[in-house]
Amino acid sequence: MRVLVTGASGFIGSALCDALLARGDTVVGLSRDPQRARSTNPSVIWHAWEPTLERPPAAAFENVHGVVNLEGEKINQRWSDDAKRRIMESRRKGTHNLIAAIAGLERKPAVLVSQSAIGFYGDRGEAMVDESAESGEGYDAEVAREWEAAAREAEGAGVRLVIVRTGHVLDPSGGLLGELLTPFKLGLGGPIAGGRQYMSWVHIDDEIGILLWALDNEKVSGTVNSTAPNPVTNREFSQAIGLALNRPASMPVPGFALDLKFGREFGQVLRGGQRVLPRRALDLGYEFRYSDIDSALKSLL
């Protein structure tokens, strides 16, 4: 199979490219800096693309069976007005430009797997939510709604669409776990802002597994949560990291520290959480490799 991946140089995109190549697929990557990307992964066929400014080149889609869209400015940063604009437009305009290119092709890909995020649900406290839940409030929920609305333009082009709402992807090389490793290794880790907020997580192997499963299976369409079946509180998550590293995990991080690093608006998001269940993935037959946090972190650390 020939698969085109946007956001292919990020830690999730890079892992996905490796998995596709390992099973014998041909991988086409889109990058703002294809020369640099080529030096990192020369096995991928790279094309240049500025997501918010242009459509991807038609040559990138030649003989492509499926597209996985992971493009998006990182959200874990201080939300200045300029950062919020970049976060939103990289997803909304980037996805719109991607699908406009697909719609104009004479031979279209059969499937588009487009990433979203569980931020769609907003802060839900202890309530359990699945794919049937409505969108929540806040900027992160707004971004996810706009991202998904842009992705749904693919349905009008006759392409099977799967929207994957991803939780915290656990991988030592990036994301939340990558940021937390240093303080926890130093014995300075602990629960954030009280630790009662729920965290819906997914092992990197299952994140890649769900993306491949959605790509390959014609019965899968619509929205799918990519989160392990057993979400945990931030306190439980902190304790599990400490256990995996054999380090103490009792150094609390006060809420104001989040505001100092990320600003008040994103700090409030980090105080909240979602208790998300992957109901459709389970109902459609996806089998998680890592369902509990202790085994997931043991395998990673």
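Here are some notes on a helix pair, a pocket and a handful of residues in this predicted model.

1. Let me start with the helices. Two packed helices are described by the angle between their axes and the distance between the axes. For helix 3 (residues 81–103) and helix 4 (residues 139–151), the angle is about 10° and the axes lie 8 Å apart. Angles under 35 degrees count as roughly parallel, so helix 3 and helix 4 are roughly parallel to each other. On the helix 3 side, the contact is made by Lys 84, Arg 85, Ile 87, Met 88, Arg 91, Arg 92, Thr 95, His 96 and Ile 99. Helix 4 contributes Tyr 139, Glu 142, Val 143, Glu 146, Trp 147, Ala 150 and Ala 151. By class, the residues of this contact divide into 8 nonpolar, 2 polar and 6 charged.

2. Rolling a probe the size of a water molecule over the atoms shows where empty space is left. The second largest pocket holds about 240 Å³ of space. Its lining is made up of 13 residues, and Ser 9, Ser 31, Arg 36, Ala 37 and Thr 40 are the ones that lie nearest the centre. Helix 1 (11–22) and helix 2 (34–40) are the elements that give two or more residues to this lining. Sorted by class, the lining has 5 nonpolar, 5 polar and 3 charged residues.

3. Most residues other than glycine have a negative phi, and most peptide bonds are trans. Asn 63 has a positive phi of about 60° although it is not a glycine, and the phi of Asn 246, near 55°, is positive too. Asn 63 sits in the loop between strand 3 (45–48) and strand 4 (66–69), while Asn 246 belongs to the loop between helix 7 (234–245) and helix 8 (255–262). Are they buried or exposed? Exposed means over 50% relative accessible area; Asn 63, at 51%, therefore counts as exposed, and so does Asn 246, at 65%.

4. Val 64 lies in the loop between strand 3 and strand 4. With a relative accessibility of 1%, Val 64 counts as buried, whereas Asn 63 counts as exposed. Which residues does Val 64 touch, not counting residues up to four places away in sequence? They are Arg 2, Leu 4, Arg 107 and Pro 109. As a reference span across the model, the C-alpha atoms of Val 64 and Phe 266 are separated by 38 Å, with the two residues 202 apart along the chain.

5. Gly 122 is found in the loop between strand 5 (111–117) and strand 6 (128–129). At 2% relative accessible area, Gly 122 is buried. Setting aside neighbours within four places in sequence, Gly 122 is in contact with Gly 136, Glu 137, Ala 141, Gly 273 and Gln 274. Between the C-alpha atoms of Gly 122 and Leu 212 there are 27 Å, and along the chain these residues are 90 apart.

6. Gly 222 is placed in strand 11 (residues 222–226). Its relative accessibility is 31%, so Gly 222 counts as partly exposed. Beyond neighbours within four places in sequence, the contacts of Gly 222 are with Leu 161, Val 162, Ile 163 and Arg 280. Gly 222 and Arg 55 are 167 residues apart in sequence and 24 Å apart in space, C-alpha to C-alpha.

7. Leu 270 counts as partly exposed, at 26% relative accessibility. How far is the C-alpha atom of Leu 270 separated from that of Ile 192, and what is their spacing along the chain? The separation is 8.4 Å, for two residues 78 apart along the chain.

Note on methods: Residues are numbered from 1 along each chain as its sequence is written. This is a predicted model: local features need pLDDT of at least 70, side-chain atom pairs count only at pLDDT 80 or more; totals for chains, interfaces and linings use all residues. Side-chain values use heavy atoms; hydrogens and water are left out. Axes are lines fitted to C-alpha atoms, for helices over the stretch in contact, and angles run from 0 to 180 degrees between N-to-C directions. Helices (H or I, at least four residues) and strands (E, at least two) are DSSP runs, numbered from the N terminus. Angles under 35 degrees count as roughly parallel, over 145 as roughly antiparallel, 65 to 115 as roughly perpendicular and the rest as oblique. Contact means heavy atoms within 4.5 Å. Ala, Val, Leu, Ile, Met, Phe, Trp, Tyr, Cys and Pro count as nonpolar, Asp, Glu, Lys and Arg as charged, and the others, Gly among them, as polar. On a 1 Å grid over the protein atoms alone, a cavity is a set of points where a 1.4 Å probe fits but cannot get out, and a pocket is an open set with protein on both sides within 12 Å along at least five of seven lines; lining residues have an atom within 4 Å of a point. Grid points are joined across faces, edges and corners, and a volume is the space filled by probe spheres set on the points. Buried means under 20% relative accessible area, exposed over 50%, partly exposed in between (1.4 Å probe, protein chains only).
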